Amino acid sequence: MIIFKKAEALSEYLHAQKNSGRLIGFVPTMGALHAGHQSLIQQSKQAGELCTCSIFINPSQFNNQEDFKNYPITLEKDIEQLFTARCDVLFLPTVAEIYPPLLQQKSYDLGHLESILEGKFRPGHFQGVCQVVDRLLGITMPHRLYLGQKDYQQCLIIRKLIHLCGWEETITTQVVPTIRETDGLAMSSRNLRLDAHQRKIAPYIYRELLNIRENLHTASLHQLKERARVSLMKDGFQVDYVEISHSSDLQTAEDTSSSLIGLVAASIGPIRLIDNLLLH
Ligand code: AMP
C-alpha cells in the first residue's frame with residue numbers, strides 16, 4: 001500500500017494509473033476503521049479496481065465541537081486493517097492540504113435534503129460534507145465512489161453534489177449495505193466511545209427499526225413512529241427523530257404505497273447514533 005500525504009502527488013499517481021488502464025475505486029473515511037469500512041474496500045477490490053482510501057477527520061462537517069474533539073483516532077490500527085484488506089492507496093492529508101488558503105469556499109444548493117433529518121439537527125453538516133467530498137473527488141477523480149447505506153441521507157447528498165459538479169458521467173456511486181454487530185448495532189466509529197451500559201442499550205435503535213418494518217401494515221405510520229420514539233425515550237435515549245420517509249428523496253411518507261425507509265437519530269449521553277432500515 002502506498003501512502004500519500006500530498007494532494008498533488010496523489011492526483012498525479014492516480015492520473016498515471018488511469019492512463020495505464022486501471023479503474024480507480026475511492027473510499028473516503030474519517031478513520032477509526034471497522035468492518036463497515038472494510039466492506040466498502042472489499043467491494044472495490046472485488047471489482048478489480050485500484051482501491052484508494054482516505055482518512056481525514058473533516059473539521060468543517062462537525063457542527064458540535066465536542067464531537068470533533070472526541071472523534072476517535074486509531075491510525076496505526078487503521079493502517080494495519082487497510083494493509084490486510086489489500087487496499088492499494090491511502091491518502092492521509094492534513095487540514096492545510098484539503099483546505100489550502102487559496103481554495104475558494106463554495107456553498108452548495110442541496111435543496112430540501114439539507115433542511116430535514118440530519119440537516120435539521122446538524123446545521124451546516126452537509127455543506128461541510130460537500131466541501132470535503134468535492135475536494136477529495138477533485139483530487140482522486142475515481143471511476144467509482146463507495147458509500148455506506150448507514151449514512152443514507154449523506155448518500156443522497158453526495159449524489160446531488162456529483163450532479164451539481166457535472167460528474168455524473170465520470171463517477172459512479174456504489175451504496176454498500178450497513179454492516180452490523182451480532183446484536184444488530186450498526187457499526188460506527190463513535191461506538192468506541194460507548195461505555196458498557198450504553199453499548200448494551202445501543203442496539204435498541206435497530207430493534208425499533210425492525211419493529212417498524214414488522215408492523216408496517218398493522219398500524220399507522222404516525223403510531224409506529226410515536227411508539228418507537230416513546231420506547232427509546234423510556235430506555236434512556238434522547239431522540240432527535242424517528243422518521244418514515246420515501247427512500248427516493250427522504251420526504252416524509254404519508255402511506256405505504258411506495259418504497260420506504262425508517263430512520264432514527266438518538267443520543268445516549270453525549271454519543272449520538274444514527275441508523276436506518278429499508279422497509280420494503
Ligand atoms: P465515516 O468514517 O464514518 O465517515 O464513514 C466512511 C464511509 O463508511 C461512509 O460512506 C459510511 O457510510 C461508511 N460506513 C460507516 N459505517 C458503516 C457500516 N456500519 N456499514 C457500512 N458502511 C459504513
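Predicted model: local features only at pLDDT ≥ 70, side-chain atom pairs only at ≥ 80, totals over all residues.
Close-up 1. Tyrosine 13, at 23% relative accessibility, is partly exposed. The structure holds 5 aromatic pairs. In the pair formed by phenylalanine 4 and tyrosine 13, the ring centres are 5.2 Å apart and the planes stand at 40°, so the arrangement is classed as tilted.

**Close-up 2. The aromatic cluster of Phe62, Phe68 and Tyr71.** Phenylalanine 62 and phenylalanine 68 form a tilted aromatic pair, with 5.1 Å from centre to centre and 50° between the planes. Phenylalanine 62 is buried, with a relative accessible area of 6%, whereas phenylalanine 68 is partly exposed, at 27%. Together with Tyr71, these two residues make up one aromatic cluster.

**Close-up 3. Arginine 207 over the face of tyrosine 204.** Arginine 207 is positioned over the ring face of tyrosine 204, and the distance to the ring centre is 4.2 Å.

Close-up 4. A polar contact of 2.7 Å links the side chain of histidine 246 to the side chain of serine 258. When neighbours within four places in sequence are left aside, the residues in contact with histidine 246 are Gln251, Thr252, Ala253, Glu254, Ser258, Ser259, Leu260 and Ile261.

Key:
Residues numbered from 1 in each chain as written. Heavy atoms only, no water. Polar contact = N/O pair within 3.5 Å; in protein donor to acceptor, adjacent residues only side chain to side chain. Contact = heavy atoms within 4.5 Å. Phe/Tyr/Trp six-rings, centres within 6.5 Å; stacked < 30°, edge-to-face > 60°. Buried < 20%, exposed > 50% of the residue type's maximum accessible area, 1.4 Å probe, protein only. Lys NZ or Arg CZ within 6 Å of the ring centre and 35° of its normal.
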